[in-house]
Amino acid sequence: MNSLSSAPRRSFIQFAGSLSAAGAAGPWLSAMGAATARADPRYAYVGTYTRDAPGGTAGGPPSHGIHAYALRPQGGWHLIQVIESDNPSYLAVHPTQRFLYAINEIDQWEGLARGTAESYAIDPADGSLRFLNRQPLSLSSTAPAFLAVSPDGRYLVTAQYGGGTYNVLPIQADGALGEVSGIVKETGSGPRPEQQSAHPHMVLFDSTGQRVLATDLGSDRINLFTFKDGNLSLSERTTLPAGSGPRHLALHPDGALLYVLNELDASIACFGYDAHAGRVLAQRHLVPATPPGFTGAGNAAALLVHPSGRFLYASTRRVDNDHPQADSIAVFAVAKDGALRRVQTWTEGLRFPRALTLAPDGGSLYALNQKGDSILRLRIDAATGQLSDMDVAAQTPTPVCLVFA
């Protein structure tokens, strides 16, 4: 990772006329169980790399931050705002749908080795974002790679790839972030050049909200933490094959299966998971994420399980590889025991698909082309899970993450 400077000035770039900045968030719901049911999404928010993008860019105009879109009933996306932010790579929406959180994937803030996290209020009238605050992470917590909001909406948990740490930040009543309240520092390494130290890459709350599953790409481990009163305490570790590089996790909707996407050997592992006891169980299955007959180095990126539990999607990226299927989305059918059977490999239109996102209704999959400056929309066949009818939902520079609200 490069040493990056502190954040640039804070500004708002407005599109399509004047947008109201009056979406001030009042006190959020005191009882999260009383939150209103999620309606059809009206807005889409895209995190981007504004500089020093790992893996490179398309070479076009740079991004300036978070892109906000209004979703039209006919299916079109209308850009309403770009809010300036420093490498806001991954985003998360609060359970109340009233706030948006971003990590700033940087190595330095105000002269100290640390990344930062940002909070925004979402205006329910037009979807525009209003900056609330920017909170530094703990010292040496550099290059944050992922974030997750606790199901009760009270805390934000982050994973720092460069610093080997996990951080917990309280969420205040107005949606702003408080100072770091919990820190876990990891140590360890693996056999690959990319694994000279611990590299936390993802955090995921299980269905109870009382545990956090996390990957450590540098040490080839899945960490399971107990989460209580804003603190993480290690419950158990699951060791994966040396050099596999676990990157992303996905829980099956039934809660009894845990899938792990390994970046470095481009494989997908399936484990049993006991949410009641809080345990990762034995590995059941292992399949390649790369297409059959693929040669060269694999580089896996994103993992999703369909809301029906019947399909799984995984992306791989081209890294110094001329194989025609180096940029791909693998589509798998999921058996009752968690086994995966490949039913399709999609390659059309893909250019370094760093992230995948499912439409809330499960009818479409979105692929974020980091080197294509585009977000592709693909229809999902409800019977087979296969992809078809590709179109470009939006042209966005160096897209990294997509969330709906």
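This briefing covers the overall fold, the surface and charges, and one aspartate. The model is predicted. The protein has 29 strands and zero helices. Its radius of gyration is 20 Å, close to the 22 Å that the globule rule gives for 405 residues, so the protein is as compact as a globular protein of that length.

**Size and packing**
- The C-alpha trace spans about 55 × 45 × 45 Å along its principal axes.
- Of the 405 residues in the protein, 59% are buried.
- Take the contacts in the protein with a separation of 6 or more: 54% of them join residues 24 or more positions apart.

**Surface and charge**
- The protein carries 31 positive and 34 negative charges.
- The mean positions of these positive and negative charges lie 2 Å apart.

**Asp 86**
- Asp 86 sits in a loop. The loop runs between strand S4 (77–84) and strand S5 (88–93).
- The relative accessibility of Asp 86 is 2%. Buried means under 20%, so Asp 86 counts as buried.
- The side chain of Asp 86 makes a polar contact with the side chain of Arg 51, at 2.8 Å.
- In short, Asp 86 is a loop residue that is buried and is joined to Arg 51 by a side-chain polar contact.

Terms used
Residues numbered from 1 in each chain as written. Predicted model: local features only at pLDDT ≥ 70, side-chain atom pairs only at ≥ 80, totals over all residues. Heavy atoms only, no water. Helix = DSSP H or I, 4+ residues; strand = E, 2+ residues; numbered from the N terminus. Rg over C-alpha atoms; globule rule 2.2 N^0.38 Å. Buried < 20%, exposed > 50% of the residue type's maximum accessible area, 1.4 Å probe, protein only. Contact = heavy atoms within 4.5 Å. Lys, Arg positive; Asp, Glu negative; His and termini not counted. Charge placed at Lys NZ, Arg CZ, Asp CG, Glu CD. Polar contact = N/O pair within 3.5 Å; in protein donor to acceptor, adjacent residues only side chain to side chain.
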